[in-house]
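I opened this entry to look up the pockets of the model and the surroundings of its ligand.

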Amino acid sequence: MTPSFAAPDAARASLTPAPSDVVAPVHRRLFGSFVEHMGRTVYTGIFEPGHPTADEDGFRTDVLELVRELGVTVVRYPGGNFVSGYRWEDGVGPVAERPTRLNLAWHSTEPNTFGLGEFMRWAERAGIEPMMALNLGTRGVAEALDVLEYCNHPGGTALSDLRAAHGSPHPYGVRMWCLGNEMDGPWQLGHLTAAEYGRLAAETARGMRQFDPKLELVACGSSGRSMPTFGAWEETVLSEAYDLVDHISAHAYYQLDGDDLPRFLASSLDLADFLDDVTVRADRVAARLGSPKRMSISLDEWNVWYLKEHMARMAGDPPADWPVAPRLSEDDYTVADAVVVGSMLITLLRRADRVTAACLAQLVNSLGAIRTEPGGPAWRQSIFHPFAQTAAAAQGWVLRGDVCGPLVPAGDRGDVPAVDAVVTWHPGDDGSDEGAPDGPRVAVFAVNRSVTGTVPLEVDLSAFPGLRLRRATLLQDDDWRAANTLAAPGRVAPRPHPDAALDGRVLRAALPPVSWNVLELSGAGRSAG
Ligand code: AHR
């Protein structure tokens, strides 16, 4: 289902948002990310004792600052594929007594010098909510209940007292738990059929709810739309676990294939179709069960990922060595990648009636929005910018407002709308956002997928009188392959928009080819008198 409608001969793109036409609130958990024990995400990523910026716990404060700037709200941990072979007990207690293990998922050595307790401390320092993933690959219900007790029980039991003995007397209060990871994937340790996993997820959830009925539990959906079991997997799993879980997960990665830039730029249409398909499958189970409950989607892994290149590097016999924190999938994200990430954020907002949590995978180094050098600097990848801008500016409510505009060819995806855009609106005056204007706020997020033509955008803001254009930025480059690197860490960044203005009640902006645009407006609030 295409999210916008289009007039093939239109010269401009237009939309008319209205405060009465609301999709859903801007769920803050849509701005989540992911820290997996993969490559250098943890070691020399967020954690590097001895780094010049490391704090007393070995956390890199240069990275912590960037994480805060990114606006991340929730972080999934500790995997990913890694979690399906992980023993959480290895990562707690005195560091000197922790075992070194193989990380089979990523063919590396896991020193376990960073584990559950370190993650919770890091999360607190970063100001984010932890989202824990459970090992339902090589382990099961008993271990899930153990780690839950260790994390969330106040005290007076073996595992809660152990946590206190490890230096954390207060429970962590983790609310959101993923019941395994990508259990539909044959690459996953302990991979199961849908029927087997549905039963295991249901029994794990049942046990966890005996501890705390208010937990939010995520059942594994499909690890991609192209999985042969996609659809049937969701229906089978949810038939077992519908009443016991709150979210069904979905994972979606996209990449530039060869030189097919037009097709790549249309990736978010595939994401929209994927989310719609999951919704249909979940609703079908609800109808069969006669349940009034509507399942939410947790898109707890999404990003641009150069997976084909990663697979090619991994092809052949596994190497003899098992390095600690090898460089894995540390791609330099381009301007085009940032535009695709921006368009996926637009899709997530537009699907916020069903998608209530999402995690950009991942946070640092491997597939990361942030890059680091061991002992050296940390910098923002191109994809950092659309994420940070959306997390900051998208407030209040997502408005429906379809875009009408020209079409562009997108390879075998056919013709697609050149412009995609979404509008958020905050009525203001609630005093909840310290430092933000307290009047009404409107934000327009727009991409131009055309690889050749600038497209004028017109947003009719008649329904929002009294606004002024507070900030307008553009992320674009004559070279769409431009990226931020160690040598040029600031090459790609948003800059003031050269061609955006509020003309009466119509906001106009010229959107250059392959561009990401953010237009922020606000009205006078109480403080303006
Ligand atoms: O994010 C990288 C990997 O992608 C995760 O470990 C896995 O869940 C997915 O396949």
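I took a pocket, on a 1 Å grid over the protein atoms alone, as an open set of points where a 1.4 Å probe fits, with protein on both sides within 12 Å along at least five of seven lines; lining residues have an atom within 4 Å of a point. The model is predicted: local features need pLDDT of at least 70, side-chain atom pairs count only at pLDDT 80 or more, and totals for linings use all residues. Residues are numbered from 1 along each chain, and side-chain values use heavy atoms, without hydrogens and water.

Largest pocket. I found 49 lining residues, with Trp-187, Tyr-253, Trp-305, Leu-307 and Met-311 nearest the centre. Helix 9 gives the most to this lining, namely six residues; helices are DSSP runs of H or I with at least four residues, numbered from the N terminus.

Ligand. I noted that the ligand takes up the space of the largest pocket, the criterion being that more than half of its atoms lie within 2 Å of the pocket's grid points. Of the 13 residues around the ligand, Glu-36, Asn-81, Glu-182, Tyr-253 and Glu-301 come nearest; a residue counts if one of its heavy atoms lies within 4 Å.

Polar contacts (pairs of N or O atoms within 3.5 Å). I read 2.6 Å from a polar side-chain atom of Glu-36 to a ligand oxygen. A polar backbone atom of Asn-81 is 2.9 Å from an oxygen of the ligand. For Asn-181, a polar side-chain atom lies 3.0 Å from a ligand oxygen.

Conventions. Helices (H or I, at least four residues) and strands (E, at least two) are DSSP runs, numbered from the N terminus. A polar contact is a pair of N or O atoms within 3.5 Å; within protein, one must be able to donate a hydrogen and the other to accept it, and residues adjacent in sequence count only if both atoms are side-chain atoms.
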